[in-house]
Amino acid sequence: MSKLSGAVDIVAFQDGHVDFDELYDYLAVNKALAEKHNFRCWTNIETFDRDMPIKFLPIKWEKMLLKMNAAKKAKIEKGITF
């Protein structure tokens with residue numbers, strides 16, 4: 001990480017790599033690591049459902065809200081989506 005110091009300002013980890021019950025912990029750990037190395041930490045909220053084979057349908061509002069609330073609880077500064 002020291003090689004990235006000064007070269008990276010913001011990191012935004014995708015939230016689709018963990019289950020919903022692990023999301024807060026995932027975000028909190030990544031935020032702590034980012035802060036340790038003086039990076040700002042955002043979240044990259046996936047707005048499609050990985051449960052569907054081949055075609056990724058948009059997620060339901062309840063899932064989006066769950067993801068946003070986990071990021072808020074982890075004190076993530078901002079969010080982006082795709």
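Trainee: Where is the place of Met-68?

Mentor: Met-68 sits in helix 2, residues 61-73; helices are DSSP runs of H or I with at least four residues, strands are runs of E with at least two, and both are numbered from the N terminus. This is a predicted model, where local features need pLDDT of at least 70, side-chain atom pairs count only at pLDDT 80 or more, and totals for chains, interfaces and linings use all residues. Residues are numbered from 1 along each chain as its sequence is written, and side-chain values use heavy atoms, with hydrogens and water left out.

Trainee: Why does Met-68 count as partly exposed?

Mentor: Buried is under 20% relative accessible area, exposed is over 50%, and partly exposed is in between (1.4 Å probe, protein chains only). Met-68 comes in at 31%, so partly exposed it is.

Trainee: What makes Asp-15 and Lys-67 a salt bridge?

Mentor: You need a side-chain nitrogen of Lys or Arg within 4 Å of a carboxyl oxygen of Asp or Glu. Here the closest N and O atoms are 3.2 Å apart, so the pair passes. Asp-15 is in the loop between strand 1 (10-14) and helix 1 (23-36) and Lys-67 is in helix 2, so the bridge ties together parts 52 residues apart in sequence.

Trainee: How do you know whether Lys-67 is buried or exposed?

Mentor: Its relative accessibility is 6%, so Lys-67 counts as buried. Asp-15 is buried too, at 3%.

Trainee: And what makes Lys-31 and Glu-35 a salt bridge?

Mentor: Their closest N and O atoms are 2.6 Å apart, so that pair also meets the cut-off. They are four residues apart in helix 1, about one helical turn.
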